[in-house]
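Please read the points below with the model open beside you.

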Amino acid sequence: MDEIKAPVRPKGRAGRPGHQKPRDRAAAALLGVALVGALVAVALGTYGRSHQPTGRPLALVIGFTGMAPMKAWLATAGVLLGVGQLLSAAWMWGRLPVRREAPHFLAQAHRWCGSLAFVLTLPVAYHCLWSLGFATESPRTLLHSVFGCAFYGVFASKMLALRTKRLPGWLLPVAGGLLFALLVGAWATASLWYFTQPGVPLR
C-alpha cells in the first residue's frame with residue numbers, strides 16, 4: 001500500500017504558525033493608539049475631579065494681570081493657530097479651491113503652527129486642572145471639562161499615530177479634524193463665554 005502523506009503546509013509568511021494578517025495588525029495598532037488617547041483623557045479628568053481646586057493661578061504669563069484673561073487670550077491664540085494649521089493641511093491635501101500647488105515651506109509652517117498652538121494651551125490646561133478642577137456645576141462647565149480632557153487624549157493618539165506603521169490612511173485627517181473641533185469646543189465654552197460676559201470669572 002502507498003504511504004499516506006500528511007498535507008503539505010503552504011510556504012510563505014501566511015503559512016507560518018502565529019502569523020498575523022496585515023488587517024489584523026492594522027486593527028491592533030488602531031486599537032492601541034485609541035486606548036492610549038482614552039487613558040490620557042481619563043487620567044486628566046480623574047486628576048481634575050479628585051484634586052482640590054486652589055482657586056488661584058500658579059504663575060501668570062508675562063503681560064497678564066489675572067488668570068481669566070490669560071487663559072482666554074492664550075486659548076484664542078491657540079484656536080487661531082489651529083485655523084492656520086487646518087487651512088494649511090487642506091491646501092496640502094488639495095482640498096482648497098485654489099489651483100496653485102502648496103509651497104514647499106507650508107509643511108514646515110503646518111508643523112510649527114500645531115506645535116505652537118499646543119504649547120499655548122498648556123498654561124490654560126494646567127490652570128484649568130490645578131486651579132479650577134473638573135467642573136460640573138453647569139452644562140457649559142461640564143462640556144468645557146470634557147472637551148479639554150478629550151483634546152489632550154486625541155492629541156496623544158495623533159502623535160502616536162504619526163510614529164506607528166500599518167495604520168489606515170484616514171486616521172490622521174480624522175484625528176486632526178477631531179482635535180481642532182475639540183479645541184474650538186473648549187474655547188467656545190470658556191474663552192468666548194468670558195469675552196461676551198465681561199467681569200464674570202472664567203471657569
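1. Helix 1 covers residues 22-50, and at 1.5 Å a residue its 29 residues should span 42 Å; the end C-alpha atoms are 42 Å apart, which agrees. The expected span is 1.5 Å times one less than the number of residues. Helices here are DSSP runs of H or I with at least four residues, strands are runs of E with at least two, and both are numbered from the N terminus.

2. This is a predicted model, in which local features need pLDDT of at least 70 and side-chain atom pairs count only at pLDDT 80 or more, while totals for chains, interfaces and linings use all residues. Residues are numbered from 1 along each chain as its sequence is written, and side-chain values use heavy atoms, with hydrogens and water left out.

3. Which residues of helix 1 are buried? They are Ala26, Ala29, Val33, Gly37, Ala41, Gly45 and Gly48. Buried means under 20% relative accessible area, exposed means over 50%, and partly exposed lies in between (1.4 Å probe, protein chains only). Helix 3 and helix 4 are included in what covers these buried residues.

4. The protein has six helices and zero strands. For helix 2 (residues 67-92), 26 residues at 1.5 Å each should span 38 Å; its end C-alpha atoms are 37 Å apart, which agrees. Gly94 follows helix 2 and has a positive phi, near 70°.

5. The largest nonpolar core has nine residues: Val79, Ala125, Phe151, Tyr152, Val154, Phe155, Leu179, Leu182 and Leu183. Helix 4 (139-161) and helix 5 (171-188) each supply at least two residues of this core, and the largest share, four residues, comes from helix 4. A nonpolar core is a set of buried Ala, Val, Leu, Ile, Met, Phe, Trp, Tyr and Cys residues joined through side-chain atoms within 4.5 Å. Apart from this core lies another, of five residues, among them Ala29, Ala161, Leu167 and Leu171.

6. Leu179 touches Phe151, Val154, Phe155 and Lys158, not counting residues up to four places away in sequence. Contact means heavy atoms within 4.5 Å.

7. Arg166 deserves a separate check. Most residues other than glycine have a negative phi. Arg166 is not a glycine, yet its phi is positive, about 70°. Arg166 lies in the loop between helix 4 and helix 5 and counts as partly exposed because its relative accessibility is 49%. Its contacts include Arg25 and Ala26, with residues up to four places away in sequence not counted. The C-alpha atoms of Arg166 and Asp24 are separated by 9.8 Å, although the two residues are 142 residues apart along the chain.

8. On the surface, Leu116, Val119 and Leu122 form a nonpolar patch with about 240 Å² of accessible area together. Like charges are joined within 9 Å, and nonpolar side chains (Val, Leu, Ile, Met, Phe, Trp, Tyr) within 5 Å. Accessible areas come from the Shrake-Rupley method with a 1.4 Å probe; for residues, only the protein chains shown count as cover. Leu116 is found in helix 3 (residues 106-132).

Note on methods: Patches are made of residues with over 30% relative accessible area and no salt bridge: like charges are joined within 9 Å, nonpolar side chains (Val, Leu, Ile, Met, Phe, Trp, Tyr) within 5 Å. A salt bridge is a side-chain nitrogen of Lys or Arg within 4 Å of a carboxyl oxygen of Asp or Glu.
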